[in-house]
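Biologist: Could you take me through one part of this model slowly, as if I were new to reading structures? I would like to know what surrounds it.

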Amino acid sequence: MTALASPLADAFWATSLRRWNAVCWGLFAAMAVGLVTTAPAGGSKYRAIALLGCVVLSYAVLDRFPGNPVVRPQGYLSVLVVALGGLAYLGSSYAALFMVTLPHYWMFGRSPRASMWFLGLATGATLAGSLVRQGWSAEFFGETLMSTLIVVAVGVLIGLWAHSVVAQSSERARLIEELERTQAQLSEAHQRQGAADERERIARDIHDTLAQGFASIIVLAEAAQAGIDHHPATSAQQLRSIESTARENLAEARELVGSAGQPGPGQVAAGSVARTLRRTLDRFAEDTGLAVDADLADIECDQQTRIALLRCTQESLANVRKHARASMVGVVLARRPHGVELEITDDGAGFRVGESTGFGLDGMRKRLAELGGRLTVTSSVGDGTRILAMIPMVGEVEA
């Protein structure tokens, strides 16, 4: 099976066959009438009609029943070769039949090699029949041989051109189908990646907001319960902190649900990032009792940068609360030539950075990377921890 044996090639040959079929039947009828009315009576006339009848019958069976097991395309071409040789020998309308059936070699051969093979057999049979009838005469060389070769050459050129067109069309159709399949796969992959990125974003936001808020509520609730009998004022303050944290968590949850309506990265967020961080630090100091030394520059930045700085601060303070056992926390927010820097330090227990497997630090790195920034973590056991977040401002390139 060649490259031409494709749905497009099949459709081409089926369409060509239908168009030529009507013409072919008319020419067959004209040839039959010519043999009956003009050919001299005798055995040659009836043999010529019988040969033409075999061709017509084979063609009719193949045309009417294309899937029949008796007359196959190559069987019909074989009958056609024999009939052409016989008619050439009899001298009865062989040239007309040869020209009428010339497209059939390309329609039923189905490949250039098979088509050329049967066309060569038909040419040889025609010339052999004419040679036996005419001999090595001037008429044979001047008329029969030359006219037959010219007709065959034209038929070969047209047939090869048609096969080339179909081959190119089939290849284009294959490439287009492959391209469409690849585009569909890429679209699926992009959708899956987009869904995964969105799930990761939501998980990171929940971890940085709701999860930290709930952890704070649990710690405050345990402390309030432990001191409710002996330190009622402190417990009351802790209960107020629980209420405030719960309200903030509720607001964060509503913000997450309606995150599609948040300002885009290029819009300036309402309020100062320094005031936002100051409120977070005040709440942390109030809840934990730790000393907080804050040096916060009044920097105007876009919404995405403000959120990233806030989340980094919240995650760092949550780690201090849960793991550091620190007595003091320092926070510095500064504008640098290459962007905005947020530095958070503590004098706590520290940890081995290479052994850290928590979600928080990894989430901070990814959040900063989305804005072209980076996170640097410096810590060792017993020497506290330093978190440095850097975010380039809009229009600036990281050094």
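**A close look at Ser 379**

Modeller: Let's start with a polar contact of 3.0 Å, which joins the side chains of Ser 379 and Thr 385. A polar contact is a pair of N or O atoms within 3.5 Å; within protein, one must be able to donate a hydrogen and the other to accept it, and residues adjacent in sequence count only if both atoms are side-chain atoms. Before we go on, please keep in mind that this is a predicted model, where local features need pLDDT of at least 70 and side-chain atom pairs count only at pLDDT 80 or more, while totals for chains, interfaces and linings use all residues. Residues are numbered from 1 along each chain as its sequence is written, and side-chain values use heavy atoms, with hydrogens and water left out.

The side chain of Ser 379 also reaches the backbone nitrogen of Phe 351, at 3.0 Å. Leaving aside residues up to four places away in sequence, Ser 379 touches Gly 350, Phe 351, Val 353, Gly 384 and Thr 385, where contact means heavy atoms within 4.5 Å. Is Ser 379 buried or exposed? With a relative accessible area of 17%, Ser 379 is buried (buried means under 20% relative accessible area, exposed over 50%, partly exposed in between, with a 1.4 Å probe and protein chains only).

Now let's step back to the strand. Ser 379 lies in strand S4, residues 374–379; helices (H or I, at least four residues) and strands (E, at least two) are DSSP runs, numbered from the N terminus. S4 belongs to an open sheet of five strands in the order S1-S2-S3-S5-S4, with mixed pairing. The edge strands are S1 (291–296) and S4, each pairing on one side only; two strands pair if DSSP finds at least two bridges between them. On average, neighbouring strands of this sheet are turned by 10° against each other, direction ignored.

A helix packs here too: helix H11 (residues 359–370) lies on the sheet and touches S4 and S5, its direction making about 150° with that of S4. Axes are lines fitted to C-alpha atoms, for helices over the stretch in contact, and angles run from 0 to 180 degrees between N-to-C directions.
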